[in-house]
Amino acid sequence: MVAELPTPESAGELLEQVLAPLLDDFQQSFSRGQVLLAHCPDRVLTEAERADLKARLDQAQAELAAARALRQAAPTPMALEMATIAPWHQLVLEVWSLSAALRAAGVTLP
């Protein structure tokens, strides 16, 4: 059986189907991280740790907004390099860890 090669149009559609929800997930996680930090007591993260995480979340949100703007402005579908996405994945894991730490500490979240 011969497999049909994807056309540029279908490859672009597939890229959009995969990447758009991923970028949405990143945005939701980064926003949730900001909410978690707003309710994070010193016994879970120190003020310096909160400031560091907030700065990295702010930077990631700005990078994400720039990536979305570039993708929208591009005349053809555009992927993102793993070097861009990998730190965002790590940051999502940190947000998950913070959420777990807050639950373990009995912190009530909105």
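**View 1. Q59 and E63 meet side chain to side chain in this predicted model.** The two side chains are joined by a polar contact of 2.8 Å. Q59 belongs to helix α2, which covers residues 47-73. With a relative accessible area of 47%, Q59 counts as partly exposed, because the exposed label needs over 50%.

View 2. Is Q61 buried or exposed? Its relative accessible area is 18%, so Q61 is buried; the cut-off for that label is under 20%.

**View 3. F30 and its surroundings.** F30 turns up again here, this time with its own contact list. Not counting residues up to four places away in sequence, F30 touches L57, A60, Q61, L64, W88, L91 and V92.

**View 4. The largest nonpolar core.** Which residues touch the most other members of this 23-residue core? They are F26, F30, W88 and L98. Helices α1, α2 and α3 (82-104) are the elements that each give two or more residues to the core. The largest share is from α3, with seven residues.

**View 5. S29 on helix α1.** This serine sits in the helix made of residues 8-38. S29 has a relative accessible area of 15%, so S29 is buried. Which residues does S29 touch, not counting those up to four places away in sequence? The answer is V92 and V95. V92 is also one of the residues that F30 touches.

Note on methods. Residues numbered from 1 in each chain as written. Predicted model: local features only at pLDDT ≥ 70, side-chain atom pairs only at ≥ 80, totals over all residues. Heavy atoms only, no water. Helix = DSSP H or I, 4+ residues; strand = E, 2+ residues; numbered from the N terminus. Buried < 20%, exposed > 50% of the residue type's maximum accessible area, 1.4 Å probe, protein only. Contact = heavy atoms within 4.5 Å. Polar contact = N/O pair within 3.5 Å; in protein donor to acceptor, adjacent residues only side chain to side chain. Core = buried A, V, L, I, M, F, W, Y, C linked by side-chain atoms within 4.5 Å.
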